[in-house]
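Welcome, and thanks for taking a look at this fold. Please keep the sequence and the model open side by side while you read.

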Amino acid sequence: MSRVEKFDFHVPSLEEVVSVLQNGLKENFADVQVSVVDCPDLTQEPFRFPVKGICGKPRIADVGGVPYLLPLVQKDKVYDLNTVAKEIQLPGAFFLGAGAVSSRVVGGNAEFIPVVQAEKEKKAAINGSYIAKINPEDDGCLLQKYSSLYNDCEFGLLANLYASEGLPGEVIEVRANRRIGEQNFISCIRKALEKHYGDKPVGMGGTFIIQKGKAKLHIMPSEFSACPLKTDEELNNWLKFFEMKAPLICQPVIVSQDPGFDLRVEHTHCFSHHGEGGHYHMDTTPETVEYLGYFVPAEFLFRIDRPKETHMVGRD
Ligand SMILES: [Zn+2]
């Protein structure tokens with residue numbers, strides 16, 4: 001077991017978050033509609049998740065960190081989602097989020113797009129995750145179903161995870177169309193929460209769809225950098241950036257403000273059913289973009305295996 005730290009989030013009512021987001025998002029999007037709804041059945045299109053919802057004992061885990069990737073990789077940093085489920089006191093947790101693959105399993109580096117129901121008692125884990133890697137054939141995006149290649153629940157280096165019991169229930173629905181500001185969908189939500197709640201951190205996770213338009217995403221190269229990556233510029237020259245098209249199904253993890261655990265305060269990975277996926281930066285079609293998201297405020301933060309030596313490179 002890794003070192004685990006726990007923090008209690010401020011947990012506002014869904015109705016209060018609705019009004020905070022309705023106000024905050026209208027500065028960045030022309031059409032904004034935020035409301036409380038019953039979570040749609042996430043086993044259906046386009047999600048195809050192994051569970052119906054994102055409700056029940058909601059919590060966030062920030063595992064490892066960018067300091068295990070940069071300036072040079074620490075390949076021994078490997079984690080298992082079944083273990084993480086126990087560490088966050090929720091065996092059988094349903095995980096959504098953003099991380100890196102276990103390079104010892106995959107044989108190289110890649111983006112990890114976790115969609116996993118962890119094992120519980122005699123019930124085996126269901127791994128519906130995707131990985132996005134650089135295609136050695138054409139340097140394009142290669143999106144793969146994890147379970148078509150591997151049988152484990154490992155990941156490596158870092159992950160930002162939203163965990164719940166995977167149950168139906170009430171969620172916050174956010175519809176935001178036509179971007180008029182400079183912020184991406186998730187930064188805008190996080191900053192609205194930070195502005196309102198200040199030093200009472202609020203955590204949220206869930207899923208959203210980029211329904212129309214295109215977005216800028218990155219994929220890490222399969223080979224770890226042999227020379228140290230010491231700045232955001234060196235990192236961005238190493239990463240591969242793509243413009244990918246809707247519909248993209250995305251998995252955000254948000255913490256409004258870091259209460260002192262060296263967190264990545266926002267991190268979103270996306271997959272699709274047309275072979276594209278990766279790490280979300282921004283839509284590139286502000287006039288036509290349409291976002292539809294479902295979110296739940298988390299009760300607890302778990303910080304697992306926080307790096308002792310840290311830096312702020314690569315937190316975007
Ligand atoms: Zn990422």
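Let's begin with two helices: H1 passes H4 in a right-handed crossing. Bear in mind as you look that this is a predicted model. Helix H1 covers residues 14–25 and helix H4 covers residues 185–197; the two pack at an angle of about 115°, with their axes 9 Å apart. On the H1 side, the meeting residues are Val-20, Leu-21, Gly-24 and Leu-25, and they face Cys-188, Ile-189, Lys-191, Ala-192, Leu-193, Lys-195 and His-196 of H4. Sorted by class, this contact between H1 and H4 has seven nonpolar, two polar and two charged residues.

H1 also has a place against strands. It lies across E2, E12 and E19, and its direction is at about 170° to that of E2.

That brings us to the sheet. Nine strands form an open sheet in the order E2-E12-E19-E13-E16-E17-E18-E14-E15, and the pairing is antiparallel. Its edge strands are E2 (29–38) and E15 (240–245), each of which pairs on one side only. Neighbouring strands of the sheet are turned by 30° against each other on average, with direction ignored. As a reminder, strands of a sheet pair through backbone hydrogen bonds, either parallel or antiparallel.

| Strand pair | Sense | Bridges |
|---|---|---|
| E2 and E12 | antiparallel | nine bridges |
| E12 and E19 | antiparallel | six bridges |
| E14 and E18 | antiparallel | four bridges |
| E17 and E18 | antiparallel | two bridges |

E12 runs over residues 170–179, and E19 over residues 290–298. Between these two strands, Val-174 is the bridge partner of Gly-293 in E19, while Asn-177 stands opposite Glu-290 in E19.

Further along the sheet, E14 (residues 214–219) pairs with E18 (residues 278–283). Which residue in E18 is the bridge partner of Lys-216? That partner is Met-282. E18 also pairs with E17, which spans residues 266–271, and here Cys-270 stands opposite Gly-278 of E18. E17 and E18 form a hairpin with six residues between them, and Gly-275 in the turn has a positive phi of about 90°. When you follow any of these strands, remember that in a regular strand the side chains alternate between the two faces of the sheet.

Now step back to the whole chain. It has five helices and 20 strands. Along its principal axes, the C-alpha trace spans about 45 × 45 × 40 Å. Does the radius of gyration speak for or against a compact globule? It agrees with one, because a compact globule of 316 residues would have a radius of gyration near 20 Å and the chain has 18 Å. Of the 316 residues, 50% count as buried. Finally, among contacts between residues at least 6 apart in sequence, 79% join residues at least 24 apart.

Note on methods
Residues numbered from 1 in each chain as written. Predicted model: local features only at pLDDT ≥ 70, side-chain atom pairs only at ≥ 80, totals over all residues. Axes fitted to C-alpha atoms, helices over the stretch in contact; angles between N-to-C directions. Left-handed = near helix turned anticlockwise from the far one by under 90°. Contact = placed C-beta atoms within 7 Å. Nonpolar A, V, L, I, M, F, W, Y, C, P; charged D, E, K, R; others polar. Pairing = 2+ DSSP bridges. Rg over C-alpha atoms; globule rule 2.2 N^0.38 Å. Buried ≥ 20, exposed ≤ 12 C-beta atoms within 10 Å, placed from the backbone.
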